[in-house]
Amino acid sequence: MDNKKTEYIENPDLFKNAGNPKGELGNELLDWMTINHENLAKWGISHLEITEEDVILDIGCGSGVNIERFLKMTENKVCGIDYSHLAVKRSVQLNQKAIDEGRCEITECSVSAMPFDDALFDIATAFETVYFWPDIVNDLREVRRVLKDDGVILICNEAVPKEDDGRQKELSELLGMTIYSEDELDENLRHAGFSEVISFLKEGHDSVTDETVTWLCVIARK
Ligand SMILES: C[S@@+](CC[C@H](N)C(=O)[O-])C[C@H]1O[C@@H](n2cnc3c(N)ncnc32)[C@H](O)[C@@H]1O
């Protein structure tokens with residue numbers, strides 16, 4: 001598949017899988033996202049200080065590539081969740097060795113009700129997924145619940161609201177996604193009980209997609 005986003009979003013049947021990958025097209029889109037979200041994810045992660053002891057949760061883990069990345073950054077446990085059966089299957093395949101070693105767990109569930117005890121994780125990450133969460137403030141409260149007392153959440157999005165962008169409107173309607181501004185994420189995080197919210201915006205050129213991008217990364221503390 002061509003890396004160019006413009007070409008992939010021309011195929012609505014494929015693109016619709018972004019919110020819940022299923023079947024053959026879901027597999028194709030997970031492959032595409034693995035490549036095309038790489039620079040965004042690396043940029044987002046560069047704002048975190050990850051130590052070898054950190055226990056990490058990746059929410060909406062997709063193909064599991066960020067779980068694989070985190071397993072190289074901590075010696076502790078990395079968990080992933082996704083409500084897509086296919087995404088969980090792919091994430092398990094990719095991280096099977098770490099699962100067998102007891103260092104990784106991948107669970108099929110919604111962010112709205114995660115089967116974890118309170119205060120388990122040092123870091124929770126959400127790459128390209130909050131757009132699809134059904135009730136952002138309550139879902140962020142659920143993330144906050146599973147974080148340790150000084151734990152942090154990282155939200156990383158490549159879609160930021162653009163005025164008069166008909167294409168963006170069309171796509172967000174197609175997918176039923178909500179595109180949040182920096183301020184909206186800040187407000188939602190604070191409503192959910194987070195503090196020390198900081199945001200980073202990057203405008204530039206993505207060498208993978210060969211396109212101009214605006215990336216948003218927001219970090220907040222429990
Ligand atoms: C656009 S994909 C991003 C995947 C991956 N994080 C990445 O950056 O490539 C969004 C992922 O979030 C998952 N997702 C969306 N809403 C979710 C929810 N409420 N609970 C759990 N997973 C969710 C989807 O199934 C999908 O795998």
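**Figure 1. Overall fold of the predicted chain.** The chain of this predicted model holds 10 helices and seven strands, where helices (H or I, at least four residues) and strands (E, at least two) are DSSP runs numbered from the N terminus. Its radius of gyration, taken over C-alpha atoms, is 16 Å, close to the 17 Å that the globule rule gives for 222 residues, so the chain is as compact as a globular protein of that length; the rule itself is 2.2 Å times the number of residues to the power 0.38. Along its principal axes the C-alpha trace spans about 40 × 35 × 30 Å. Residues are numbered from 1 along each chain as its sequence is written. Because this is a predicted model, local features need pLDDT of at least 70 and side-chain atom pairs count only at pLDDT 80 or more, while totals for chains, interfaces and linings use all residues.

Figure 2. Strand 4 (residues 121-127) is largely enclosed by the rest of the structure, because seven of its seven residues are buried, a residue being buried if 20 or more other C-beta atoms, placed from the backbone, lie within 10 Å of its own. Of the 222 residues of the chain, 41% count as buried.

**Figure 3. Close-up of the strands paired with strand 4.** Strand 1 (residues 56-59) runs parallel to strand 4 and is joined to it by four bridges, pairing requiring at least two bridges found by DSSP; here I59 stands opposite A126. Strand 4 also pairs in the parallel sense with strand 5 (residues 147-157), over six bridges, and F121 stands opposite L147.

Technical notes:
Buried ≥ 20, exposed ≤ 12 C-beta atoms within 10 Å, placed from the backbone.
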